[in-house]
Protein chains: 2
Amino acid sequence: MADVAQLAGVSSQTVSRVSNGFPGVTEDTRAQVLAAMRELGYRPNSAARALRRGEFRTLGVITFSLSTMGNIRTLEAIATSAAEHGYAVTLLPVAVPTQDEVNGAFSRLGELAVDAVIVIMEIHLLDAATVSLPPGVQVVVADSDAGDRYTVVDTDQAGGARDAVRHLLDLGHDTVWHLAGPEGSFAAQRRANAWRTTLTGAGRTPPPLVRGDWSAASGYRAGLLLADEPECTAVFAANDQMALGLLRALHERGRRVPDDISVVGFDDIPESASFLPPLTTIHQDFAEVGRLCVEGVLSKMRQDGVEHGTTTLVPTRLVRRASTAAPRPGR
Amino acid sequence: MADVAQLAGVSSQTVSRVSNGFPGVTEDTRAQVLAAMRELGYRPNSAARALRRGEFRTLGVITFSLSTMGNIRTLEAIATSAAEHGYAVTLLPVAVPTQDEVNGAFSRLGELAVDAVIVIMEIHLLDAATVSLPPGVQVVVADSDAGDRYTVVDTDQAGGARDAVRHLLDLGHDTVWHLAGPEGSFAAQRRANAWRTTLTGAGRTPPPLVRGDWSAASGYRAGLLLADEPECTAVFAANDQMALGLLRALHERGRRVPDDISVVGFDDIPESASFLPPLTTIHQDFAEVGRLCVEGVLSKMRQDGVEHGTTTLVPTRLVRRASTAAPRPGR
DNA sequence: CTAGGCAATGTTTACGTAAACATCCACTGG
DNA sequence: CCAGTGGATGTTTACGTAAACATTGCCTAG
């Protein structure tokens with residue numbers, strides 16, 4: 001910076017003003033400084049800048065692996081949205097979702113150059129962890145059910161599940177079976193709860209719940225069971241991958257979709273439009289979730305307010321494809 | 001830090017030594033300092049540290065959206081591997097893969113707190129861009145064909161494609177059709193080239209090449225064409241998504257897989273084991289690619305050497321599933 | 001014509017850390 | 001008993017930036 005100042009014949013402070021786009025610099029001076037910057041290939045040193053300003057213009061994102069498409073899309077939206085606000089995004093992968101690992105990530109975070117944190121993770125892993133965060137670092141949680149301890153942004157899981165079940169009931173099915181996600185997952189839990197209450201709310205009896213682990217393989221195993229249930233004409237799978245495995249099992253067992261059984265998924269992954277048959281599913285707006293995470297955390301930073309427990313739900317949308325139809329009147 | 005020093009009754013330099021695990025501090029003193037740190041909730045300021053040390057312990061990753069599973073898995077491996085080396089990872093999303101956008105990302109990078117850069121991107125977008133990088137910032141490129149200008153780590157695309165084609169020939173197919181990725185992609189290009197040379201090398205005539213855009217929808221369209229080719233008994237799709245669309249089209253047209261037509265994919269995405277039928281495909285080791293990217297860039301930083309053009313290929317593995325079989329003798 | 005005001009620019013300083021150098025002290029060997 | 005040695009700790013300084021304050025000089029109103 002001193003070199004630039006000397007070359008341009010001004011003080012370093014003027015260089016700083018130009019570099020930060022501050023007013024109070026003549027057009028001529030500004031041009032001269034810019035020319036000197038270019039000539040010397042000057043780049044502001046972000047470490048010094050951060051030290052002086054007391055902020056890094058960086059958000060940390062903690063996520064338990066990038067295994068699910070939803071987390072990835074959310075992450076991408078976070079990165080894009082952060083960039084629009086002039087913030088960079090630093091990734092903190094957590095290899096295994098154990099309390100120890102999460103604690104480790106948080107303590108690494110403490111030494112990291114980060115102004116705020118977005119956590120994409122089930123909340124129960126978080127509870128004991130936040131204590132080790134430096135004071136003043138705000139946290140927003142996605143993909144979780146945080147109650148009043150954190151600010152949360154998430155897809156409206158319950159609303160989506162309700163729409164899925166209603167869609168099948170509207171088509172004329174007596175009841176809807178549910179292929180749920182793993183017990184430990186709040187998303188799975190909320191989808192299952194909404195499935196149950198929607199059914200009972202409509203005066204139907206919920207069939208026994210079938211459980212998978214989000215993977216297509218588990219959906220396949222579940223499908224082999226469901227294929228043998230003669231009463232089953234409609235299934236709501238808690239995600240598209242399990243729906244994929246389900247479709248394969250039903251096909252192998254000679255149960256036609258949607259003629260014999262209708263299937264609805266959740267997520268609307270890009271591939272689901274090409275399943276056999278194309279999958280009716282609940283579309284999640286991950287981009288919006290990511291955007292709201294960033295805006296939420298930035299606004300928390302600005303206000304410095306400590307309002308806890310705001311929860312923002314992002315609505316879903318039912319995408320109708322060929323995997324659902326009215327039950328055959330014959331049966 | 002000064003507070004900690006005072007509380008522990010030592011100088012700030014001793015605190016620094018403890019904080020960095022340097023030798024030359026008595027066990028007693030160290031314990032006292034650590035106690036003071038805990039009591040005051042001291043965290044080293046990473047901005048000041050970076051300023052003083054001249055390094056950020058951070059790697060930048062530039063990638064054109066996280067749209068493909070491969071990029072995502074590579075990114076994840078990079079983040080994990082970087083963490084093991086004590087480095088953080090900062091994400092630089094590029095919204096649209098235009099020269100302007102890439103240039104923008106690189107110039108933002110210039111002001112970013114980053115010691116080195118890993119680029120997950122087709123190389124041709126890179127050519128004009130690197131000039132704006134600060135000197136001394138090393139670059140490693142993944143998912144690309146960079147010749148001698150950059151250090152490259154990538155999957156052995158050609159080897160994988162060769163294995164796919166040979167597998168089909170070994171099963172007894174006369175020739176193999178190819179559903180290629182978009183023209184702009186080097187990965188697609190290399191897979192297509194290897195397909196062609198493997199066929200001609202085995203004395204077969206390559207059928208006309210069919211082109212998709214990586215998406216399942218494009219695979220579906222291509223499948224509708226291929227279903228009408230009576231000569232076609234084996235298809236090598238350049239990725240699993242297109243193979244998925246292909247399977248749907250063939251199924252709709254009544255061509256059975258693998259009885260009438262064998263299909264091989266590329267990538268081995270998690271879902272491919274649950275396709276109808278489960279897909280034979282080429283498994284890519286993205287984790288290894290990511291790991292090698294990190295190691296490569298770190299070793300380049302250490303040596304400060306300017307050896308250009310090292311290319312490391314990560315081998316693939318053929319995963320045999322139900323979508324391939326010998327051609328029916330009848331026909 | 002001059003005081004006052006304001007815009008443009010310069011000077012000083014502090015941010016938190018760690019390298020380089022300085023100091024202190026206990027112990028060893030002659 | 002003393003010089004020498006080396007380990008433990010303290011002191012000084014610089015990293016690059018930007019806020020706060022200081023200075024300059026020009027313009028305008030009275």
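## Two domains of chain A

About 860 Å² is buried between domain 2 of chain A and domain 3 of chain A, and carbon and sulfur atoms give 52% of this area. Buried area is the accessible area (1.4 Å probe) that two parts lose on being put together, summed over both. This is a predicted model, where local features need pLDDT of at least 70, side-chain atom pairs count only at pLDDT 80 or more, and totals for chains, interfaces and linings use all residues; side-chain values use heavy atoms, with hydrogens and water left out. Residues are numbered from 1 along each chain as its sequence is written, while chains are lettered from A and ligands numbered from 1 in the order in which they are written.

The domain assignment of chain A, which is automatic or from a database, lists domain 1 (2-44), domain 2 (56-154 + 286-313) and domain 3 (157-284). Ten residues from domain 2 of chain A and ten residues from domain 3 of chain A take part in the contact (heavy atoms within 4.5 Å).

## The salt bridge between the domains

One salt bridge is found across the interface of domain 2 of chain A and domain 3 of chain A. A salt bridge needs a side-chain nitrogen of Lys or Arg within 4 Å of a carboxyl oxygen of Asp or Glu. The side chains of A:D154 and A:R190 form a salt bridge, at 3.2 Å from N to O.

## Chain B against chain A

Between chain B and chain A, the buried area is about 3900 Å², with 67% from carbon and sulfur atoms. B:R43, B:R248 and B:L276 supply 17% of the area that chain B buries against chain A, more than any other three residues. In this pairing, 46 residues of chain B are in contact with 46 residues of chain A. The interface of chain B and chain A has zero salt bridges.

## Cysteines

Over all chains, the structure holds zero disulfides (pairs of cysteine sulfur atoms within 2.5 Å). B:C232 is buried, at a relative accessible area of 0%, and B:C293 is buried, also at 0%. Buried means under 20% relative accessible area, exposed over 50%, and partly exposed in between (1.4 Å probe, protein chains only).
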